[in-house]
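Hi there,

Here is the structure I promised to pass on to you. Have a look at it first, and then read on for what turned up.

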Amino acid sequence: MSKNVIFCYSGSGNCLDFAKNIAKGLGDTDIIMMRKAPVKTDVRDAERVGFIVPCYGGGLPGDVESFLGSIRISPDAYTFAVGQYAGYLGCGLHKIDKQFKLDLWTGLSHQCSCIWLFPHQLMLPPVTPKMAQKRSERMAKRLVKSILAGEKSKKAPPKMGLNALESKVWPKLAVGKAKKFAVTDACIGCHQCEKLCPKGNIRFVDGKPTFGTNCIQCLSCLQYCPKEAITLTEKSVKREHYHNPNVSAAELMESIIHIY
Ligand SMILES: Cc1cc2nc3c(=O)[nH]c(=O)nc-3n(C[C@H](O)[C@H](O)[C@H](O)COP(=O)(O)O)c2cc1C
């Protein structure tokens, strides 16, 4: 078992990029992905355990909340969490804290990848994509120092009651939206979207992807499509696509990434 473990969910790569930067700073780290059920949940041997997750619909993304229940951490482990968001932190870190009593937590605003809702450049406060990425890298360096020094946050993450309500409605919205997925003639039938989908929601019929409604809106299929052939409403056709420049589709498909 590695000295450090980071549980990470990522749809468009921001959180995985951040997790990799933290892992490089700490050394000897397993990044355990939570896009699907984590393949390793008993991490009682790890000295430090982190969670790096985005805010989706005001709360935790995908099935992360249900996965938390299966994770076993040593009572002596140092715990930390980072919540990424475009506009607001949401209630995700509060939920993680309730379960694991976080020693250290922080929020970080990065590019929004919810293409049908907002253009990816829209962040609060507004900064350019380049600045957002630089800020993320700077913050990862600072956080590594804080983790190694065993720093503790003065307060627990905020409850964010309204966002907790929002996050209850969100999964239904995601399912409704999934009915609007479509594919254009630009599709080359590479099957990447099918392999990326954490819910097995994409099936190929006559060489083209078809979409069910078992969707958690990671939007990796759309954001990583090499031909930008997947659409989700008219807005997504006009808007620039986004995924983190340092994270490949292949990395998102991994279940554990070890950083030495
Ligand atoms: C489906 C979806 C829902 C999102 N919901 C919110 C939200 O409620 N509040 C917010 O501030 N940002 C929201 N975001 C923005 C993400 O939290 C932000 O882009 C994050 O950096 C994405 O991390 P990732 O690239 O690792 O998936 C959402 C993004 C997506 C794709």
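**The sheet and what packs on it**

Strand β1 (residues 4-8) and strand β2 (residues 29-33) run parallel and are joined by 5 bridges. Helices (H or I, at least four residues) and strands (E, at least two) are DSSP runs numbered from the N terminus, and two strands pair if DSSP finds at least two bridges between them. Before going further, please note that this is a predicted model: local features need pLDDT of at least 70, side-chain atom pairs count only at pLDDT 80 or more, and totals for chains, interfaces and linings use all residues. Residues are numbered from 1 along each chain as its sequence is written.

Within this pair, Ile 6 stands opposite Ile 31 of β2. Both strands belong to an open sheet of 6 strands with mixed pairing, in the order β7-β6-β4-β1-β2-β12. Its edge strands, β7 and β12 (256-259), each pair on one side only. On average, neighbouring strands are turned by 15 degrees against each other, direction ignored. Axes here are lines fitted to C-alpha atoms, for helices over the stretch in contact, and angles run from 0 to 180 degrees between N-to-C directions.

Helix α3 packs on this sheet and touches β4, β6 and β7, with its direction at about 165 degrees to that of β6. Contact means that two C-beta atoms, placed from the backbone, lie within 7 Å. In α3 (residues 92-100), the buried residues are Gly 92, Leu 93, His 94, Lys 95, Ile 96 and Asp 97. A residue is buried if 20 or more other C-beta atoms lie within 10 Å of its own, exposed if 12 or fewer, and partly exposed in between, again with C-beta atoms placed from the backbone. Their cover includes β4 (48-54), α2 (64-68), β6 and β7 (104-109). After α3 comes Lys 101, with a positive phi near 50 degrees.

**A buried lysine**

Lys 20 sits in helix α1. It counts as buried because 23 other C-beta atoms lie within 10 Å. Leaving out residues up to four places away in sequence, Lys 20 touches Ile 31 and Ile 259.

**Around the ligand**

The ligand is surrounded by 25 residues, the closest being Gly 11, Asn 14, Cys 15, Pro 54 and Tyr 85. By type, the shell has 10 nonpolar, 15 polar and no charged residues. Ala, Val, Leu, Ile, Met, Phe, Trp, Tyr, Cys and Pro count as nonpolar, Asp, Glu, Lys and Arg as charged, and the others, Gly among them, as polar.

**Two domains**

The domain assignment, which is automatic or from a database, gives domain 1 (4-162 + 246-259) and domain 2 (171-238). The contact between them takes 16 residues from domain 1 and 18 residues from domain 2. On the domain 1 side, these are 8 nonpolar, 5 polar and 3 charged. The C-alpha centres of the two domains lie 25 Å apart.

**Two positive phi angles**

Asp 206, in the loop between β9 (202-205) and β10 (208-211), is not a glycine but has a positive phi of about 50 degrees. Gln 217, in the loop between β10 and α7 (220-224), is not a glycine either and has a positive phi of about 65 degrees. Asp 206 is exposed, with 6 other C-beta atoms within 10 Å, whereas Gln 217 is buried, with 23 C-beta neighbours inside 10 Å.

Best wishes

Terms used
Near = placed C-beta within 6 Å.
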